[in-house]
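Me: I have a structure open and would like to go through it bit by bit. Can you help me read it?

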Amino acid sequence: MAKNAFYAQSGGVTAVINASACGVLETARLYPDKIGRVYAGRDGILGALTEDLIDTSLESETAIAGLKHTPGGAFGSCRYKLKSLDEQRVQYERLIEVFRAHDIGYFFYNGGNDSMDTAWKVAQLAGRLDFPLISIGIPKTVDNDLAATDCSPGFGSVAKYVATSMREAGLDVASMARTSTKIFVLEVMGRHAGWITAACGLAAERLNEPPHILLFPEIPFAPEPFLLRVAESVKAHGFCTIAVSEGLSDASGRLIAEMGGKDAFGHAQLGGVGQVVAQLIKDRLGYKYHWALADYLQRSARHIASRTDVEQAYAVGRAAVEAAIAGKNAVMPAITRISDTPYRWEITFAELSSVANQEKKLPREFITPDGFHITDLCRRYLAPLIEGEDFPPFTHGLPNYTRLQNSSVARKLKEFTP
């Protein structure tokens with residue numbers, strides 16, 4: 001008898017996480033003898049804990065297909081980390097209780113490092129409790145820092161957006177530099193890994209084109225050599241453009257811009273390093289500046305998504321279902337690169353135990369010896385990930401994105417407070 005499935009989205013959403021959802025839902029519908037209904041968690045794992053489930057079987061095929069070109073999280077996401085099995089066993093047992101009540105035999109969790117850890121722990125607990133559940137992690141993170149996969153769905157589109165933005169802003173600043181702004185700083189996401197900052201470097205096809213300086217979290221920030229490089233750029237070109245990671249820190253490991261708060265995962269709440277860097281230039285060199293915070297715009301820009309990214313996001317969703325039906329458990333579909341030129345890739349599988357809470361940083365060989373730009377090796381890695389356009393449909397000049405009904409499933413259990 002077919003078992004039901006549970007799918008949830010976790011952490012910061014992306015321009016293509018719904019493409020993975022589309023891959024899951026469309027593929028599941030191809031196997032009615034294996035998978036009954038697919039329930040989605042409203043607001044991620046919280047939907048499972050509170051038994052707030054969405055019945056995706058009530059959505060039309062057209063609506064599900066529309067997810068492939070819709071940004072954000074169609075079912076809602078959350079930043080909520082389950083701790084160890086011993087610390088929060090009651091919460092894990094609640095998940096199993098909900099799954100048992102709704103005849104769920106498949107658990108698909110779409111997220112990043114912490115989410116793969118949750119999927120792994122759920123698989124472990126199901127085994128301990130002798131509950132028949134297949135747990136599959138589905139990769140997603142704009143930070144591109146997931147282990148065991150060549151790239152992470154969501155990153156390619158962010159990379160395309162920031163590289164495009166840097167190229168366009170560079171032309172703008174160059175036009176006005178003689179009488180106005182000489183410094184432009186773009187702050188991008190990246191807590192510990194500088195992949196998005198590196199992607200800004202793709203904007204420069206030739207030497208000395210914007211961006212002139214990249215500041216990576218992997219390279220400790222030292223003001224003096226940085227300011228010297230800024231002054232040299234302004235002298236040579238009349239202006240200087242800079243991309244900086246939100247996680248930039250000094251040699252002691254202290255974050256350059258830390259607001260003091262922490263998010264739900266216990267990570268420092270970052271923001272404003274772009275302004276700190278720009279003000280340093282103003283105070284020490286006297287140049288007029290503008291700075292911009294890409295923030296949510298970089299991860300929600302579906303209108304300029306990478307076709308490669310969309311295809312990979314859909315593929316990992318589809319592969320997750322196919323793996324579950326084949327009996328694979330506690331694994332994550334991963335993207336394996338076969339060649340750079342032409343760019344070819346395939347889906348393989350990694351054990352969740354080897355992915356959970358691991359972090360893939362930008363390799364030092366991807367950064368120039370002076371620490372201020374990307375190498376040709378890095379460019380060869382990044383370039384295919386932003387290739388191709390996959391525009392959403394437009395109506396009256398604006399993207400026409402899908403909105404689901406998200407009909408609730410009747411609760412069967414007592415109320416639970418996470």
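Predicted model: local features only at pLDDT ≥ 70, side-chain atom pairs only at ≥ 80, totals over all residues.

Me: How many helices and strands does the chain have?
Reply: There are 13 helices and 15 strands. Helices (H or I, at least four residues) and strands (E, at least two) are DSSP runs, numbered from the N terminus.

Me: And how compact is the chain?
Reply: The radius of gyration is 22 Å, close to the 22 Å from the globule rule for 418 residues, so the chain is as compact as a globular protein of that length. That radius is taken over C-alpha atoms, and the rule is 2.2 Å times the number of residues to the power 0.38. Along the principal axes, the C-alpha trace spans about 75 × 45 × 40 Å.

Me: What share of the residues is buried?
Reply: 58% of the 418 residues count as buried. Buried means under 20% relative accessible area, exposed over 50%, and partly exposed in between (1.4 Å probe, protein chains only).

Me: What about the surface?
Reply: The chain exposes about 17500 Å², and carbon and sulfur atoms supply 50% of that. Accessible areas come from the Shrake-Rupley method with a 1.4 Å probe; for residues, only the protein chains shown count as cover.

Me: What share of the contacts is between residues 24 or more positions apart?
Reply: Such pairs make up 77% of the contacts with a separation of 6 or more. Contact means heavy atoms within 4.5 Å.

Me: Switching to helices. How do α1 and α11 cross?
Reply: Two packed helices are described by the angle between their axes and the distance between the axes. For α1 (residues 17-28) and α11 (residues 307-325), the axes come within 7 Å and cross at roughly 40 degrees. Axes are lines fitted to C-alpha atoms, for helices over the stretch in contact, and angles run from 0 to 180 degrees between N-to-C directions.

Me: Left-handed or right-handed?
Reply: The crossing of α1 and α11 is right-handed. A crossing is right-handed if the near helix is turned clockwise from the far one by less than a right angle, and left-handed if anticlockwise.

Me: Which residues meet there?
Reply: On the α1 side they include A19, C22 and V24, and on the α11 side they include V310, Y314 and V321. The residues of this contact divide into nine nonpolar, four polar and three charged. Ala, Val, Leu, Ile, Met, Phe, Trp, Tyr, Cys and Pro count as nonpolar, Asp, Glu, Lys and Arg as charged, and the others, Gly among them, as polar.

Me: New topic: where is G41, and what does G41 touch?
Reply: G41 is in strand β2 and is buried, with a relative accessible area of 0%. Leaving aside neighbours within four places in sequence, G41 is in contact with F6, Y7, A8, G47, D52, F75 and G76.

Me: And R42?
Reply: R42 lies in the loop between β2 (35-41) and α2 (45-49). Not counting residues up to four places away in sequence, R42 touches several residues, including G47, D52, F75 and N406.

Me: What about phi of A148?
Reply: Phi of A148 is also positive, near 70 degrees, in a residue other than glycine. A148 is in the loop between β5 (134-139) and α6 (155-176).

Terms used: Residues numbered from 1 in each chain as written. Heavy atoms only, no water.
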